[in-house]
Amino acid sequence: MASTLTIRGVERRFDKTLALQATDLAVAENDFITILGPSGCGKSTLLRIVAGLDHPTAGEVLLDGRAIHGPGADRGMVFQSYTLFPWLTVRENVCFGLVERGMPRAQQLEIADAFLNKVGLRGFEHHYPKQLSGGMQQRTAIARALANGPRMLLMDEPFGALDPQTRELMQELLLGIWEAEKKTVLFVTHDIDEAVFMGGRVVVMSARPGRIKLDRTVELPHPRHYSVKTTPAFAELKAELTEQVRDALSIAELTSLANRIRFLRSWLSQLLGSLPAPEEMTGRNEADKAFDKLVKSRFPMLATKEGELVRLQAGV
């Protein structure tokens with residue numbers, strides 16, 4: 001199947017910090033892809049690059065074969081924070097993009113009211129954002145994004161600030177809209193249950209610098225009801241993804257620990273003049289062995305298999 005979106009060799013650096021390693025991802029028409037990973041792994045950075053709100057240091061992103069260089073009406077974005085215009089009513093917020101496109105007023109209202117009905121906000125057209133709950137504000141944001149008829153919907157933890165009950169209702173609402181509208185969706189989340197329940201594919205990213213370490217198809221039927229979360233198939237996939245995310249978190253913690261150890265070793269070397277800095281080491285003397293013993297007794301995770309690379313990086 002031909003790809004609607006192609007992410008090819010996309011890398012992002014901030015000064016000297018590599019936030020996102022060269023990343024490849026092919027997204028087909030009507031795919032609903034959820035993206036999981038530890039904080040700081042580049043999930044939102046990747047989404048912003050696809051949205052045209054950020055630019056890759058290397059690589060390219062193609063939508064329908066055309067390179068993305070900036071924001072466009074072909075991609076609708078929904079953020080975690082509420083991004084409605086407080087001085088506009090619910091209906092006027094949904095109409096905003098249609099007004100900018102110069103669409104006739106009658107057509108604007110027809111489209112806006114249709115999507116407000118789909119997200120369950122009929123009767124709230126004339127309310128202002130401050131009069132709505134958090135869930136209702138996100139429904140309005142989703143209606144606004146869909147009203148412009150985008151090829152893709154890009155969602156950056158859109159339900160992260162909602163209470164658990166509202167979050168589950170919003171998940172079912174969005175899935176129902178996706179099943180009806182058949183939009184292509186990239187959905188960033190930290191919630192593994194949400195990733196499995198919502199996604200047709202789940203992409204797991206490694207710790208920074210981020211890369212895609214797993215691309216897993218979700219073999220659960222549609223339409224999906226919340227009761228699918230109690231099935232063995234759901235539990236099995238959740239367990240697999242939990243392990244993948246925990247591994248990513250462990251590497252992130254170990255890498256951070258390695259950096260602290262390197263700093264400590266250099267500091268002690270300068271202070272005492274008895275321990276060589278890692279870049280100056282030419283052999284293993286008694287002071288090195290004593291330091292290694294101290295570090296490994298204080299930080300037992302360094303004795304794990306995942307700690308091997310970290311020990312080498314830290315000079316331990």
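A pocket here is an open set of grid points with protein on both sides within 12 Å along at least five of seven lines, and its lining residues have an atom within 4 Å of a point. Keep in mind as you work that this is a predicted model.

**Exercise 1. Describe the largest pocket: its volume, its centre and its lining.**

Solution. 
Step 1. Start with the volume: the largest pocket holds about 540 Å³ of space.
Step 2. Next, look at what surrounds that space. The lining is made of 21 residues, and Gly72, Arg75, Gly76, Met77 and Asn148 are the ones closest to the pocket's centre.
Step 3. Now trace the lining back to the helices and strands. At least two lining residues come from each of strand 6 (75–78), helix 2 (90–100) and helix 4 (134–147). Strand 6 has the largest share, with four residues.

**Exercise 2. Find out how many cavities of 30 Å³ or more the whole structure has, and say which residues line the largest cavity.**

Solution. 
Step 1. Recall the idea behind the search. Rolling a probe the size of a water molecule over the atoms shows where empty space is left.
Step 2. Unlike a pocket, a cavity is a set of points where the probe fits but cannot get out. Searching the whole structure gives one cavity of 30 Å³ or more.
Step 3. The largest cavity contains about 50 Å³ of space.
Step 4. List its lining: Phe32, Leu146, Leu153, Leu174, Ile177, Trp178, Glu181, Lys183 and Val185. Helix 5 (164–181) contributes the most, with four residues.
Step 5. Sort the lining by type, and you get seven nonpolar residues, no polar ones and two charged ones.

**Exercise 3. Helix 4 packs against helix 2, helix 3 and helix 5. Classify each pair as roughly parallel or oblique.**

Solution. 
Step 1. Take helix 2 and helix 4. Their angle is about 25° and their axes are 8 Å apart. Angles under 35 degrees count as roughly parallel, so helix 2 and helix 4 are roughly parallel to each other.
Step 2. Turn to helix 3 (residues 105–118) and helix 4, which pack at about 135° with axes 9 Å apart. Helix 3 is therefore oblique to helix 4.
Step 3. Helix 4 and helix 5 have an angle of about 20°, and their axes are 11 Å apart. That makes helix 4 and helix 5 roughly parallel to each other.

**Exercise 4. Decide whether aspartate 64, glutamate 157, histidine 225 and arginine 151 are buried, partly exposed or exposed.**

Solution. 
Step 1. Set the cut-offs: buried is under 20% relative accessible area, exposed is over 50%, and partly exposed lies in between.
Step 2. Glutamate 157 has 17% relative accessibility, so it counts as buried.
Step 3. Aspartate 64, with a relative accessible area of 32%, is partly exposed.
Step 4. Histidine 225 is in the loop between strand 10 and helix 7. Its relative accessible area is 41%, so histidine 225 is partly exposed.
Step 5. Arginine 151 is in the loop between helix 4 and strand 7. Arginine 151 has 26% relative accessibility and therefore counts as partly exposed.

Conventions. Residues numbered from 1 in each chain as written. Predicted model: local features only at pLDDT ≥ 70, side-chain atom pairs only at ≥ 80, totals over all residues. Heavy atoms only, no water. 1 Å grid on protein atoms, 1.4 Å probe; cavity = no way out; pocket = protein on both sides within 12 Å on 5 of 7 lines; lining within 4 Å. Points joined across faces, edges and corners; volume = space filled by probe spheres on them. Buried < 20%, exposed > 50% of the residue type's maximum accessible area, 1.4 Å probe, protein only. Axes fitted to C-alpha atoms, helices over the stretch in contact; angles between N-to-C directions. Parallel < 35°, antiparallel > 145°, perpendicular 65-115°, else oblique. Nonpolar A, V, L, I, M, F, W, Y, C, P; charged D, E, K, R; others polar.
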